[in-house]
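I opened the model and kept notes on what I looked up. The entries follow in the order I made them.

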Amino acid sequence: GRAPRGPEKRGKTWAAEAAWRMLRNNLDPEVAERPQDPGVYGGSGKAARNWQPFNRMVETVWGLPPEHFYQDVRAWTAAIHPEDRSRVHEAWEACLQGRAPRFEAEFRVVRPDGSIRWVLDGGLPIHNEAGDIVRLSGVARDITARKQIEETLHRKQAQLQVLFDLIPAMLCFKDTENRFLRVNQRLAATVGKPVEAIEGKSAFE
């Protein structure tokens, strides 16, 4: 059901407390917007929620038993990759303190088996008449497949760059205005300039 309200927090920080309350409110029929999408939280609609989609999200992304996740306020932040945790925390605090108009962050979730899932989480604060934040409305998406594709493309581009630089000939790509788009190390060494000083410039500069 609905998460606790009021100034008393169960987590170590308000950033952790807010995240936990948001996920609990994901099941609240008074604030849930899209019951077919278990990643959506907050909102002002009255669509009913049930535990099944919430449990599926927790098990799929976090790899945790649902009862452990929604009972432990620290489960959400504890599962965030250590390298991403401070950045996500800062984004939360900026949103809650009014220094940012919304919360948005991409971060890694480390599952108990060591595997990693990528999450894109974003939300807008909802204020009451006094201007206080009462909840956040947004969506959390599992973007693991997208990140895997991006990492594969990055790796292939790096491999191609190595081959491009190792070829014992001067190579370059130009646009229709005769500007250098890319040059290899052999060409740069021949003209006596670093690569970054050539790319983007015209052949006549």
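**Entry 1**

I began with F173, which has 47% relative accessibility and so counts as partly exposed. The model is a predicted one, and I read each value below as computed from it.

Next I looked up F164, which is buried at a relative accessible area of 9%; the cut-off for buried is under 20%. I then checked how the rings of F164 and F173 lie. Their centres are 5.7 Å apart and their planes meet at 20 degrees, so the pair is stacked. The limit for stacked is planes under 30 degrees apart.

I also looked over the face of F164 and found R182 there, at 5.1 Å from the ring centre. For another ring with a charge over it I went to W118, where the charged end of K147 sits 4.4 Å from the centre.

**Entry 1: the hairpin**

I looked up the bridge partner of C172 and found V183 in strand 6. Five residues lie between the two strands of this hairpin, and N178 in the turn has a positive phi of about 70 degrees.

I checked R179 and D175 for a charge pair. Their side chains meet in a salt bridge of 3.2 Å, N to O. R179 is partly exposed at 32% relative accessible area, and D175 is partly exposed at 23%.

How many aromatic pairs does the whole structure have? The search finds two. I had yet to note the pair of W92 and F103, which is stacked, with 4.2 Å centre to centre and 15 degrees between the planes. W92 belongs to helix 5 and F103 to strand 2, and they are 11 residues apart. Both W92 and F103 are buried.

I then read along helix 5. It has 15 residues and reaches 22 Å from its first C-alpha to its last, close to the 21 Å expected. Its buried residues include D84, V88, A91 and W92. After helix 5 comes G98, with a positive phi near 80 degrees.

**Entry 2: the cores**

I looked up which residues pack together inside. The largest nonpolar core has 19 residues, and W62, F69, W76, V88, F103, F107 and V109 are those with the most contacts inside it. Helix 2, helix 4, helix 5 and strand 2 each supply at least two residues of this core. A second, separate core has six residues, among them F180, A188, V195 and I198.

**Entry 3: salt bridges**

I counted 12 salt bridges. I looked at R146 and E150, which meet at 3.2 Å, N to O. R146 and E150 are four residues apart in helix 6 (residues 144–166), which means they are separated by about one helical turn. R146 is partly exposed at 37%, and E150 is partly exposed at 36%.

I also looked at R102 and E104, whose closest N and O atoms are 3.3 Å apart in a salt bridge. R102 is partly exposed at 35% relative accessible area, whereas E104 counts as exposed at 53%, the cut-off being over 50%.

How values were computed: Residues numbered from 1 in each chain as written. Heavy atoms only, no water. Core = buried A, V, L, I, M, F, W, Y, C linked by side-chain atoms within 4.5 Å. Buried < 20%, exposed > 50% of the residue type's maximum accessible area, 1.4 Å probe, protein only. Pairing = 2+ DSSP bridges. Expected span 1.5 Å × (residues − 1). Phe/Tyr/Trp six-rings, centres within 6.5 Å; stacked < 30°, edge-to-face > 60°. Lys NZ or Arg CZ within 6 Å of the ring centre and 35° of its normal. Salt bridge = Lys/Arg side-chain N within 4 Å of Asp/Glu carboxyl O.
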